[in-house]
Amino acid sequence: MNQITKFYQDLDKAVRQGKKIPTMQSGQGAYLKVNGKKRLNLCSNNYLGLAGDEPLKKAAISAVKKYGVGTGSVRALSGTNILHLELEERLAKFKKAEGCIVLTGGYMANLAAIQTFIGKEDIVISDELNHASIIDAVRLSQVKNKFIYKHKDMGELEKRLQEADKLRQNSTVLIITDGVFSMDGDLAPLPEIVKLAKKYQALTMVDDAHGEGVLGHHGRGIVDHFKLEGQVDLDVGTLSKAFGVMGGFITGKKELIEYLRLKARQFLFSNGLSIPDTAALIESVKILEKSDTRVKKLWANAKYLKEKFSELGFDCGYSGTPITPVMIGDEEKAALFSSRLLELGVFATPIKFPMVAKGLARIRVMPSASHSKKDLDLGIKAFAKVGKDLGVIIQAYRY
Ligand SMILES: *Cc1c(COP(=O)(O)O)cnc(C)c1O
């Protein structure tokens with residue numbers, strides 16, 4: 001077969017399946033303009049509504065006036081602006097950590113955290129439902145001994161740690177987990193993981209992409225939520241979700257962060273964040289330091305939505321966070337559910353295989369602090385109608 005034809009065939013298949021990336025014709029907020037129409041936005045990770053926030057816009061604009069847009073070089077050469085350092089210092093303080101390094105995405109931060117500390121002869125122990133960027137990072141590290149444990153199964157984690165103990169000589173053993181699992185919204189049993197790590201002298205890493213700005217006091221994340229400050233070695237977060245801009249970061253002990261600054265290939269061989277991104281993010285951290293109003297609103301909205309959905313008879317899984325999966329099961333039905341919602345003015349995307357296991361397709365509903373009760377009611381009403389029409393719920397008695 002011609003080398004290029006085989007890609008075209010895949011492409012044809014994708015087009016037949018109706019894969020097309022929707023385009024937003026508005027900024028992020030409670031509503032989005034999609035295909036020329038205003039839709040209720042129930043699928044963004046802009047948890048706190050910061051992405052389109054006035055103070056962030058102002059901070060970005062005034063920094064651009066002062067410093068321009070680009071940074072001209074990788075951070076290690078001439079590309080570190082004082083704003084980068086301010087952001088890192090503020091984030092470290094906010095997270096109550098000794099040090100912080102910022103990269104251009106959560107994906108990059110995971111690559112940096114894993115590749116820098118793990119080599120061929122080390123040992124990685126990872127939850128089976130960890131994010132794709134963790135899987136890629138483990139591959140990149142070329143580690144020979146990688147153990148995958150059943151989702152949140154602490155018995156199996158301990159068995160794997162015992163195996164690792166037998167294999168290890170001088171090798172580093174690293175336990176890696178998502179903080180919040182993004183498809184179901186459930187939390188990693190971090191206290192148990194930390195306890196086991198101490199018992200077997202392993203390092204711990206948490207990817208808290210969906211916990212930053214959401215869990216803990218003022219949105220400080222899962223480590224704060226479980227009161228484990230200083231006990232997780234590598235705390236990785238994203239600045240692209242609740243923080244409203246883009247980027248990723250790692251907090252931890254000063255020495256580990258300094259080591260990353262000297263060794264992480266993602267830091268040494270790729271530029272840092274642009275000036276407007278960095279300035280807007282400083283503003284995000286300031287807002288979160290000062291007030292927990294947005295975090296509280298997010299949780300209140302999530303609670304309201306979940307209560308109404310379960311009253312209606314939807315199965316919302318076992319989420320412990322604002323992530324609200326509405327379980328459908330069948331793949332095609334989930335896709336149909338989403339397109340029917342869109343006709344009713346509600347934008348909520350279906351999550352299907354391979355993002356979740358076959359037969360566990362769902363609509364992942366993402367409430368945010370920018371939704372009013374009226375906005376949520378509009379969404380709930382649409383879900384009730386489509387749920388009834390498609391037989392996902394037997395009766396929608398309230399709406
Ligand atoms: C979104 C996400 C990432 C990637 O973050 P970016 O900043 O978009 O690169 C990494 N890990 C998890 C668990 C995520 O949900």
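Let me start with Asp207, where a polar side-chain atom lies 2.6 Å from a nitrogen atom of the ligand, a polar contact being a pair of N or O atoms within 3.5 Å. The protein covers 83% of the 380 Å² of accessible area that the ligand has on its own, where accessible areas come from the Shrake-Rupley method with a 1.4 Å probe. Before I go on, please keep in mind that this is a predicted model, in which local features need pLDDT of at least 70 and side-chain atom pairs count only at pLDDT 80 or more, while totals for chains, interfaces and linings use all residues. Residues are numbered from 1 along each chain as its sequence is written, and side-chain values use heavy atoms, with hydrogens and water left out.

Staying with the ligand, Thr238 has a polar side-chain atom 2.6 Å from an oxygen atom of the ligand, and an N or O atom in the side chain of His210 is 3.1 Å from a ligand oxygen atom.

Now to the largest pocket, which holds about 1,300 Å³ of space and is lined by 33 residues, with Lys20, Pro22, Thr349, Pro350 and Lys352 nearest its centre. The elements that give two or more residues to this lining are α14 (331-343) and β12 (350-351), and the largest share, six residues, comes from α14. By class, the lining has 15 nonpolar, 11 polar and seven charged residues.

Next comes an open sheet of three strands, in the order β1-β2-β11 and with mixed pairing, where two strands pair if DSSP finds at least two bridges between them. Because β1 (31-34) and β11 (346-347) stand at the edges, each with a single partner strand, one side of each is left without a neighbour in the sheet. Strand β2, residues 37-41, runs parallel to β11 and is joined to it by two bridges, and Leu40 has Val346 as its bridge partner in β11.

I will end with backbone geometry. Most residues other than glycine have a negative phi, and most peptide bonds are trans. Gln201, in the loop between α8 (190-199) and β7 (203-207), has a positive phi, near 50°. The peptide bond from Phe353 to Pro354 is cis, with omega near 5°, and Pro354 is found in the loop between β12 and β13 (361-365).

Note on methods:
Helix = DSSP H or I, 4+ residues; strand = E, 2+ residues; numbered from the N terminus. Polar contact = N/O pair within 3.5 Å; in protein donor to acceptor, adjacent residues only side chain to side chain. 1 Å grid on protein atoms, 1.4 Å probe; cavity = no way out; pocket = protein on both sides within 12 Å on 5 of 7 lines; lining within 4 Å. Points joined across faces, edges and corners; volume = space filled by probe spheres on them. Nonpolar A, V, L, I, M, F, W, Y, C, P; charged D, E, K, R; others polar.
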